[in-house]
Amino acid sequence: MNQGKNFKYENITFGEWCKNWLETYKKNVSDSTYIMYENSIERHIIPALGSIPISKLKPIQIQNEINSILAEGK
């Protein structure tokens, strides 16, 4: 949105939103932090939640994924 793009959240997936968020805010973090965020998004978030339309994503789904990642020690 800050780049002049108008996203209709009901029409994008959580994976698309995460990628947009990462690109939008990468200038605010160090290179190593960006790489860590990018790897986490690609490795965990997109496979588990990326295909869900953002308008249908529920907090419990995010919490369940966080719990799963923590349980696996990744």
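The model is predicted, with local features needing pLDDT of at least 70 and side-chain atom pairs pLDDT 80 or more, while totals for chains, interfaces and linings use all residues. Residues are numbered from 1 along each chain as its sequence is written, and side-chain values use heavy atoms, leaving out hydrogens and water.

**Whole chain**
- The chain has 3 helices and 0 strands, where helices are DSSP runs (H or I) of at least four residues and strands (E) of at least two, numbered from the N terminus.
- Of its 74 residues, 23% count as buried, meaning under 20% relative accessible area with a 1.4 Å probe, protein chains only.

**Helix H2**
- Helix H2 covers residues 31-49.
- A kink of about 40° is centred on Ile41; the bend is the angle between axes fitted to the seven residues ending there and the seven starting there.
- Tyr34, Ile41, His44 and Leu49 are the buried residues of H2, and they pack against helix H1 (14-25) and helix H3 (59-72).

**H1 against H2**
- H1 and H2 pack at an angle of about 175°, with axes 10 Å apart; axes are lines fitted to C-alpha atoms over the stretch in contact, and angles run from 0 to 180 degrees between N-to-C directions.
- H1 is therefore roughly antiparallel to H2, a term for angles over 145 degrees.
- Residues of H1 including Phe14, Trp21 and Leu22 meet residues of H2 including Tyr34, Ile41 and Leu49.

Definitions and conventions:
The expected span of a helix is 1.5 Å times one less than its number of residues. Buried means under 20% relative accessible area, exposed over 50%, partly exposed in between (1.4 Å probe, protein chains only). Contact means heavy atoms within 4.5 Å. Angles under 35 degrees count as roughly parallel, over 145 as roughly antiparallel, 65 to 115 as roughly perpendicular and the rest as oblique.
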